[in-house]
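This briefing is for a reader who is new to the structure. Please look over the sequence and the model before reading the points below.

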Amino acid sequence: MYAIVKTGGKQYKVAPGDKINVEKLDAEVGDKVTLDAICIVDGKTVEADPAKAAATKVEAVVLEQFRDKKIVVFKFKKRKNYKRTQGHRQDLTRVQIMAVGSEKYTEPKKAAKKDAGEKKAATKKAAAKDDAANE
């Protein structure tokens, strides 16, 4: 399940677990925000009517507030001795989508690490098998 959300004058395709950078939202780090959905796609069905799609909640949590890299705006007119240079850094907010409608994001489980003792024992057994095969 995914949704098309609109924020900051732009549209983004989001699914649970996605991390996106949007124009600055007035929220603190860790706050939950609700984004406006304009289209919902749920496997077989597509709800493209913005009025009906708005009924589906798209919940996100704010991860960080930051500024994008600087872009240089350079204006130039040939043979007129006209040059202007200006820079701009956009304020952005990184959010992680936690839920689209009834579908929620779950953290992936991390693989269990083997102990150092188990690794040594496994390598000793493998070395013993190699020695037996070589004889």
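The model is predicted. In it, strands E7 and E8 run antiparallel and are joined by seven bridges.

- Strand E7 covers residues 71-77 and strand E8 covers residues 82-88.
- Across the pair, Lys77 stands opposite Tyr82, which belongs to E8.
- The hairpin has four residues between its strands.

**Positive phi in the hairpin loop**

- Most residues other than glycine have a negative phi.
- Arg79 sits in the loop that links E7 and E8.
- The relative accessible area of Arg79 is 74%, so this residue is exposed, the cut-off being over 50%.
- Asn81 is placed in the loop between E7 and E8.
- Asn81 counts as exposed because its relative accessibility is 75%.

- Val72 is part of strand E7.
- With a relative accessible area of 61%, Val72 is exposed.

**Thr7 in strand E1**

- Strand E1 spans residues 2-7, and Thr7 lies in this strand.
- Is Thr7 buried or exposed?
- Thr7 counts as buried because its relative accessibility is 11%, and the cut-off for buried is under 20%.
- Beyond its neighbours within four places in sequence, Thr7 is in contact with Tyr12, Val22, Leu25 and Leu35.

- Gly17 is found in the loop between strand E2, residues 10-14, and strand E3, residues 19-23.
- Which residues does Gly17 touch, not counting those up to four places away in sequence?
- Gly17 touches Gln96, Ile97 and Tyr105.
- Gly17 and Val95 are 78 residues apart in sequence, and the distance between their C-alpha atoms is 9.8 Å.

Terms used
Residues numbered from 1 in each chain as written. Predicted model: local features only at pLDDT ≥ 70, side-chain atom pairs only at ≥ 80, totals over all residues. Heavy atoms only, no water. Helix = DSSP H or I, 4+ residues; strand = E, 2+ residues; numbered from the N terminus. Buried < 20%, exposed > 50% of the residue type's maximum accessible area, 1.4 Å probe, protein only. Contact = heavy atoms within 4.5 Å. Pairing = 2+ DSSP bridges.
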